[in-house]
Amino acid sequence: MPDIDPADALKLRAHAWPGNIRELRNVVERAVILAHDGTLNFSFDSGRFGAPSPEYAERADEDARTRESRETDSAGRIMREMFSGLPSARDLEKQYIATILRMTGGKISGREGAAALLGMSRSTLYDKMRALGISPAGRAGKTVL
């Protein structure tokens with residue numbers, strides 16, 4: 001049996017149905033014909049259903065907010081589960097720069113320096129290092145990760 005969106009069910013209930021059962025039957029038949037993925041699709045945007053009652057409009061807004069909140073919570077939970085335990089982009093960037101600095105022996109500038117290998121200017125690399133809390137290896141007793 002096809003599903004119907006709860007918001008669509010409210011819209012159907014809110015409509016006065018001046019054409020009585022024939023109008024309702026035609027609307028449902030059209031929705032069944034246009035159904036995708038087992039969900040009935042009603043075209044409420046056509047203006048055919050007229051303005052909803054104020055009670056319906058309020059309920060529909062609440063339902064939409066609740067559904068949106070539930071979908072957002074669900075998507076956030078799924079994303080957290082998928083990526084839990086993985087390093088953040090900041091951590092990855094820090095590890096990558098630290099690895100390049102180790103490879104260059106802490107050399108920042110020049111053709112074989114870390115900045116050139118990373119494809120950025122020396123000043124940009126220094127800014128990133130400062131922001132990430134890393135120092136070139138071998139300088140004043142500071143070491144990279």
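Tutor: Buried means under 20% relative accessible area, exposed over 50%, and partly exposed in between (1.4 Å probe, protein chains only). At 60% relative accessibility, Arg130 therefore counts as exposed. This is a predicted model, in which local features need pLDDT of at least 70 and side-chain atom pairs count only at pLDDT 80 or more, while totals for chains, interfaces and linings use all residues. Residues are numbered from 1 along each chain as its sequence is written, and side-chain values use heavy atoms, with hydrogens and water left out.

Student: How many salt bridges does the structure hold?

Tutor: Side chains of opposite charge can pair when their charged atoms come close. A salt bridge is a side-chain nitrogen of Lys or Arg within 4 Å of a carboxyl oxygen of Asp or Glu. The structure holds 2 salt bridges. In one of them, Arg130 meets Asp127 at 2.8 Å, N to O. Both residues belong to helix H6, 3 residues apart, so about one helical turn separates them. Asp127 is partly exposed, at 44% relative accessibility.

Student: Which side chain meets Lys128 in a salt bridge?

Tutor: The side chain of Glu93 does, at 2.8 Å, N to O. Glu93 lies in helix H4 (residues 89–103) and Lys128 in helix H6 (residues 122–132), so the pair ties together parts 35 residues apart in sequence. Helices here are DSSP runs (H or I, at least four residues), numbered from the N terminus. Glu93 is partly exposed at 30% relative accessibility, and Lys128 is partly exposed at 28%.

Student: Where is Met82 placed?

Tutor: Met82 is in helix H3 (residues 54–83), and is exposed, with a relative accessible area of 52%.

Notes
Helices (H or I, at least four residues) and strands (E, at least two) are DSSP runs, numbered from the N terminus.
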